[in-house]
Amino acid sequence: MFKKISMIGVPMDLGQLRRGVDMGPSAIRCAGVNERLESLCDDIEDLGDITIGQREDEKEGGQPASEEELRNLKAITSASVKLAQTVDKMVASGSFPLVLGGDHSIAIGTLAGLAKHYQNLGVIWYDAHADVNTKETSPSGNIHGMPLAISMGIGHERLTGIYGDGAKVKPENIVIIGARSLDDGEKKLIRDRGIKVYTMHEIDRLGMTRIMEETIEYLRERTDGVHLSLDLDALDPNDAPGVGTPVAGGISYRESHLAMEMLEESNLITSAEFVEVNPILDEKNRTAETAVALMGSLFGEKLL
Ligand SMILES: [Mn+2]
């Protein structure tokens, strides 16, 4: 059992163009996250939400201010610094940081804060996408498709320099699970940097049990802490319809619970974030409810 979980909401939708994912933290709270986790830890503290700046690009029709800029770069940078400071303090005080998104660009701040405490931070990136685009490879220019590259020190220097210069995570300490929509530039970067990826092909072929066993063994021997970054779009859209970038053929509801249960048994996870819940696109808050149910398994809920 975890002694203390500290929760922070990051109502940020600036990393992509669809509105609504800024309401993710509210939707997750409405789905009962506090009540659900109360019985699973000694103490849960909800620090509320980080204040997020305005969109910078409304007048330009969603385009960045200049060629060199990325969309909403300034607002994302300042939110990321606030989040990094918050996560840093949580770890320093002995809490388990639990971050509620928000689009996936929030991971830039989360990982930067965690990196202050771990020399060899491990990351499980549970996602339909790899989020390792750069300005050069990204078809959309949206920062939510870049956070894992940024955290490896690859990308716009304003972002890679957040809360400390350079890489926060080493490529060999990353495991991506659930990938099924990768851009060409991302495929190249994954190969060049030797990032471990379990696409849907491996999940279908080997089964989630074997994949989690391998992931746990791989990260246990090389890391001193492991962050779970769970994008709800890793799940099949039938199970998690309320996401901005759904991709057919995803991980099932039950496979995801199994993954969380195995992570809980492993005692490996030291922080987590649940991102990309978009209540506007959802059906009666099902996706937030799925997020909360998965948190239940991650923190030790058992079926019997
Ligand atoms: Mn993502």
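**View A. The lining of the second largest pocket, sorted by class.** In this predicted model, the lining of the second largest pocket splits into seven nonpolar, five polar and four charged residues. Here Ala, Val, Leu, Ile, Met, Phe, Trp, Tyr, Cys and Pro go down as nonpolar, Asp, Glu, Lys and Arg as charged, and the others, Gly among them, as polar. There are 16 lining residues, and Ala115, Tyr118, Ala167, Lys168 and Val169 sit nearest the centre of this pocket. Its volume comes to about 170 Å³. A pocket is an open set of points on a 1 Å grid over the protein atoms alone, where a 1.4 Å probe fits, with protein on both sides within 12 Å along at least five of seven lines; lining residues have an atom within 4 Å of a point. The volume is the space filled by probe spheres set on the points, which are joined across faces, edges and corners.

**View B. The largest pocket.** This one holds about 310 Å³ of space. Of its 20 lining residues, His129, Ser140, His144, Gly145 and Thr245 are the closest to the centre. Sorted by class, the lining has 11 polar, seven charged and two nonpolar residues.

**View C. Serine 138 and its surroundings.** Serine 138 is buried, at 14% relative accessible area (the cut-off is under 20%, with a 1.4 Å probe and protein chains only). Its side chain reaches the backbone nitrogen of serine 140 at 3.2 Å. Leaving aside residues up to four places away in sequence, serine 138 touches Asn133 and Met146 (heavy atoms within 4.5 Å).

**Notes.** Residues are numbered from 1 along each chain as its sequence is written, and side-chain values use heavy atoms, without hydrogens or water. Local features need pLDDT of at least 70 and side-chain atom pairs count only at pLDDT 80 or more, while totals for chains, interfaces and linings use all residues.

Definitions and conventions: Buried means under 20% relative accessible area, exposed over 50%, partly exposed in between (1.4 Å probe, protein chains only). A polar contact is a pair of N or O atoms within 3.5 Å; within protein, one must be able to donate a hydrogen and the other to accept it, and residues adjacent in sequence count only if both atoms are side-chain atoms.
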